[in-house]
Amino acid sequence: MNKLIKYRLISILSLMLIFISTGNLLAWDEDSCKKIIEKADNAISDIDNNFEIKEFLPYDYYSEAVINIRMSRWELDNEEYELAFFYASTALIKIETARIYAEARKLERDRLIYEKNYYRKKKKEETAEPVKTPTDMNEIIEANLLKKGNIYRIEIIDRNLFEKRRLSLSKRGLKSMEKIIRVLEKYSNSKLRIVGHTSFTDYRKFSERKSKRLKKFFVANNINGDRITAIGAGNRIVMDTAVGFRRIDRIELIITGIE
Amino acid sequence: MKIKTAIFILLIFTVSLSSRYLSAQDQVREVRNLTTIVEKKLGKIKNSDAVNYAQEEINIIEGYIKETKRLIKEEKYQRAYYVISIAISYFNLVSAKSSLNESKTELNKIKEKLNE
């Protein structure tokens, strides 16, 4: 008899718990709206005061979240609780997303620093090995390619490569690309990877379009298309500049297979 | 004259009723389409590595899908639309977590290399 009562009690309690948990989803009233807006506000102020990740914040998500909070307040004033709740909860999710992306970017920066140290260490170890004479490497030096292990790479800022507001190559860009073509022609087994980057917004499609435009140029200049891969990285990868790590509109050319 | 006005009022009444019915049907279709899209996306995520680091989000999205279906049954289409839209925004969170996971593993790799 006692067991039966216990089971009934447990079942009633569990039902109540389920009801409460689903009730959270249904809580579209004024109080819950105010609570969730307050939560979102706190999350934003937390991010604002977190100086470790603030500089890595993706501002597209962040600004959308701020706008959503404003919209939810507006709807709350108009007593549209459903809409207010919707805007506030999406704002909360966007803030969380922005925070996680910022953390990922911070780790990416740390990785770049570690990588730099690693290659410095390796370079010191490799100094004992015979180095190729400048005459052998003439094309590579002319193309300003930097060696990193077995990889040669160069990063070119968009304004030095493309014409203003267009994706056609400028005179300066043509000259530097011709140098790259010479390298690719000399080392016929080498492969080229073109990575497009953007600056303020994580605009992947545009970065991909830039790199594909360059691929077209190389293919038109008798470089086999199978040797070239073109991708767009958006603004997720930072560039190591003289004034620190920055997000810049640029193209990265990575050549492998040069022996 | 009276018959004409009566016909006119009747016409307006029927048009307004049918337009309401049609708009409700549109909303249902839209919400259902969105739920199928979310279910497909969720299925893909479940089959990927995301299960290891975004289990919480997956459970939340599943909860929202159930909630949407329940709201459609109760004919609360507007609310169902909001719920499924909230579920959609969770996918960005999942992709953010995957990029965080990627950068963590990359960082660990380079740290190991440096320690060698």
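Visitor: Does A:S207 count as buried or exposed, and at what relative accessibility?

Guide: A word of care comes before the answer, since this is a predicted model. A:S207 counts as buried, because its relative accessibility is 0%, and the cut-off for that word is a relative accessible area under 20%. The residue lies in helix α9 of chain A, which covers residues 204–220. Leaving out residues up to four places away in sequence, A:S207 touches A:G196, A:H197 and A:T198, and also A:I231, A:G232, A:A233 and A:G234. With one of these, A:A233, there is a polar approach as well, for a polar atom of the A:S207 side chain lies 3.5 Å from the backbone nitrogen of A:A233.

Two further places in chain A can be described with reference to helix α9. The loop between β3 (191–197) and α9 holds A:D202, while A:R236 lies in the loop between β4 and β5 (239–241), so this pair ties together parts that are 34 residues apart in sequence. A:R236 counts as partly exposed at 25% relative accessibility, and A:D202 counts as partly exposed at 23%. The other place is the loop between α9 and β4 (228–232), where A:N222 is found. A:N222 is not a glycine, yet it has a positive phi of about 65°, and with a relative accessible area of 71% it is exposed.

Other salt bridges can be followed from here, and over all chains the count comes to 23. In one of them A:R153 pairs with A:E252, the closest N and O atoms being 2.7 Å apart. Since A:R153 lies in strand β2 (residues 151–157) and A:E252 in strand β7 (residues 250–256) of chain A, the pair ties together parts that are 99 residues apart in sequence. A:R153 is partly exposed, with a relative accessible area of 23%, whereas A:E252 is buried, with a relative accessible area of 8%. Both residues belong to a network of salt bridges that also links A:E155 and A:R250. Another salt bridge joins the side chains of A:K34 and A:E30, at 3.2 Å from N to O; these two residues both lie in helix α2 of chain A, four residues apart, which is about one turn of the helix.

With neighbours within four places in sequence left aside, B:I61 is in contact with B:V38, B:L42, B:A87, B:Y90 and B:F91. In helix α5 of chain A lies A:A91, which is buried, with a relative accessible area of 0%; beyond its neighbours within four places in sequence, A:A91 is in contact with A:A65, A:N68 and A:I69.

Chain B itself has four helices and zero strands, and buried residues make up 34% of its 116 residues. In the loop between α3 and α4 of this chain is B:E75, which has a positive phi of about 60° although it is not a glycine.

Finally, where the chains meet, 29 residues of chain B are in contact with 26 residues of chain A. Between them the two chains bury about 2600 Å², 74% of it on carbon and sulfur atoms. Of the area that chain B buries against chain A, B:R79, B:Y82 and B:L114 supply 24%, more than any other three residues. The count of salt bridges between the two chains is one, and there B:R79 pairs with A:E82, the closest N and O atoms being 2.9 Å apart. On the side of chain B that touches chain A, α3 (55–73) and α4 (77–115) each supply at least two residues, and α4 of chain B gives the most, with 23 residues. The residues of that side divide into twelve nonpolar, eight polar and nine charged.

Definitions and conventions
Residues numbered from 1 in each chain as written. Chains lettered and ligands numbered in written order. Predicted model: local features only at pLDDT ≥ 70, side-chain atom pairs only at ≥ 80, totals over all residues. Heavy atoms only, no water. Contact = heavy atoms within 4.5 Å. Buried area = accessible area lost by both parts, 1.4 Å probe. Salt bridge = Lys/Arg side-chain N within 4 Å of Asp/Glu carboxyl O. Nonpolar A, V, L, I, M, F, W, Y, C, P; charged D, E, K, R; others polar. Buried < 20%, exposed > 50% of the residue type's maximum accessible area, 1.4 Å probe, protein only. Polar contact = N/O pair within 3.5 Å; in protein donor to acceptor, adjacent residues only side chain to side chain.
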